[in-house]
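Welcome! Open your viewer, keep the selection tool handy, and follow along one stop after another.

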Amino acid sequence: MTANLYAALSAARHCAAGCTEKDEVWRSGKLRLYRYRSISGTPGAVPLLVVYALVNRPYMMDLEPDRSLIRGLLSRGLDVYLIDWGYPDGSDRFTTLEDYLEGQLVGCVDEILKVRGLDALNLLGVCQGGVFSLCFAALHPERVRNLITMVTPVDFHTSTDLLSKWARKIDVEAWVGQANVSGDVLNQLFLALMPFRLSQQKYVDLLRVPPDTARIENFMRVERWIYDSPDQAGAAFREFVVWFYQQNRFLRGGLEIGGRSVDLHNLELPILNLIGTRDHLVPPASSRALRALAGSRDFTTLELDLGHIGMYVSARAQRQVPAAIGDWLAAR
Amino acid sequence: VAADAWRQWAAFAALFNPMAHASAAGALPGSSPGFAPFLDAERFAAAARAFHQSGEDSQTAAAAFGDFLRDQFGGVLDGMWGRSAPDRSTPPPPEAAALGPTREQQERWQRLAAAWSRLQDAQRSLQRLWSDALGEAARTFVSSRGAAAAPLTPETIHRLYDAWIDSAEEAYARMAHGETFGIALAQAVKSAGEWRDESAALIESWAKWLDWPTRSEINSLSLRVRALEEKQREANRKNETAARPAGKKPTTTTAKKRTARGKRKR
């Protein structure tokens, strides 16, 4: 069986992610803003902007036809935009969170609103992109109609958050210096959260059943995504670790972006918070904390029996997540 | 591994280093190998005594003393004027005072060696903790299994493997959530950063000698460009505010940033 598996993996080694047609509609530096082409007739009137994390590539949202959150959203008539932050290089080392939020994210939102002649849009923030979306919505409430957060950390000091425990002890100044942070090094850190499962068992699991082409191709796409890790702009990374992981400013206060206070109590818009109950990167308790902090009276929490990555690519997620988002937005 | 890495660094440095570490032959224990004036002084004293005690053949003794002086001090300027560095397989001892015209270079090497040593110590600490967790996992796993009642099948082997992974992850998690592991990991990250910074400083010193651009220069230029961009945005904001009719709602700061930075694709 091992020989067959090697052959199947070899045949699938060139599998690329991304299956849905999209157009680049705006760019700024390395950032690209895409709009996905509709697959269900006329798209919805209010666009949905997907804000992905900086630490991985956003094509995970559109991995393959039967594992594509984007496709699921399009099939429900949503008009989907996606931010690709690009790969930072040495010239980006002084890029700050303010640059990302008040420069690039605001630029994307303004562009969409201007072209569409709207005052506000819907935001879907994923993981670190969820943190950005929370900050953006708190700073610019007039531009966000509905906010969806997916596997988004809010309380960074929960008892089961291993990444946070480590991050709180690390001297970030010494780590980052004046450089960017290697994506490969970060990846090693993420793998070290569950080293046996993530670097051993998942490969051995491939031997359990005869290699099925679709399954192997899916595996290779995810594998490629996992190790396709952009370096992190040094200044922004330092701010993110210190402000959120070490100082937990969403809860303890004192968060400022561009000299303006970010207070989640100001979030009075409708919020849908999607939580993976088996998420090892963002513990469910970390995401649940949003309900108590946000000022919204229209707050929905949806907990799914999924892990962090499973939230976008598992078969169950394809059935549950786009439907939940589509129905929730349709009701608003 | 450490010795290999050090030898590679030393060989790499020797390729670029115009500031040779001078003659290290006979350096005093504990002194920098690149600077040995103390041993030179001892030799001078011995030669001077021999000259003064030479008796009747003072001419021969004077010639010998003169030759000694030429030999002994002939290499004093070598370190300054580019004779190639001797092959060195060990760094200067960390406790040695750096002396002479190459003292800055010696101190860089000392700092790099110290950072490397701290990194190794931190990695060894992590390795010990990792080994402890693995040992605990193995003991727990094996003690919970009796002798197999039936022959192993591929399915039972897989189940056994999964049980081992569960056991290993549980033992690892107990260790990884602990204070000791967190401190060791933080120390490893910190010392890796320090080693990188010291390596960069050393390479920058070579780059300066070769008149190559350095990362420090590029960083400095990048910050100046950022400052100029910010001034430009501020000037744009002031111009727009001045041009806006009274009573009109101001546009946001960030919208102007976008205008300055973004390009629409059609």
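**First stop: a ring pair in chain B**

Select B:Tyr172, which counts as buried because its relative accessibility is 3% (buried means under 20% relative accessible area, exposed over 50%, partly exposed in between, with a 1.4 Å probe and protein chains only).

Before going on, a word on the model: it is predicted, local features need pLDDT of at least 70, side-chain atom pairs count only at pLDDT 80 or more, and totals for chains, interfaces and linings use all residues. Side-chain values use heavy atoms, with hydrogens and water left out, residues are numbered from 1 along each chain as its sequence is written, and chains are lettered from A and ligands numbered from 1 in the order in which they are written.

**Aromatic rings in chain A**

Rings of Phe, Tyr and Trp (its six-membered ring) pair if their centres lie within 6.5 Å; planes under 30 degrees apart count as stacked, over 60 as edge-to-face and the rest as tilted. Over all chains, 22 aromatic pairs are counted. Select A:Trp175 and A:Phe237 to see an edge-to-face pair, 5.1 Å centre to centre with 85° between the planes. This pair links distant parts of the chain, 62 residues apart: A:Trp175 is in helix α6 (residues 172-176) of chain A and A:Phe237 in helix α10 (residues 234-246) of chain A. Helices here are DSSP runs (H or I, at least four residues), numbered from the N terminus. Both A:Trp175 and A:Phe237 are buried.

Return to B:Trp130 and B:Tyr172: their ring centres are 5.6 Å apart and their planes at 75°, so this pair is edge-to-face. B:Trp130 belongs to helix α5 of chain B and B:Tyr172 to helix α6 of chain B, 42 residues apart.

**A covered helix**

Which residues of α4(A) are buried? Select residues 128-139 of chain A: twelve of the twelve residues in α4(A) are buried, including A:Gln128, A:Phe132 and A:Leu139. One of them, A:Cys135, has a relative accessible area of 1%. The closest cysteine sulfur to that of A:Cys135 is in A:Cys127, 13 Å away, too far for a bond. A disulfide is a pair of cysteine sulfur atoms within 2.5 Å, and the whole structure has zero disulfides over all chains.

**Last stop: a loop in chain B**

Finish at B:Leu152, in the loop between α5 (103-143) and α6 (154-176) of chain B. Is B:Leu152 buried or exposed? B:Leu152 is exposed, because its relative accessible area is 52%.

Definitions and conventions. Helices (H or I, at least four residues) and strands (E, at least two) are DSSP runs, numbered from the N terminus. The expected span of a helix is 1.5 Å times one less than its number of residues.
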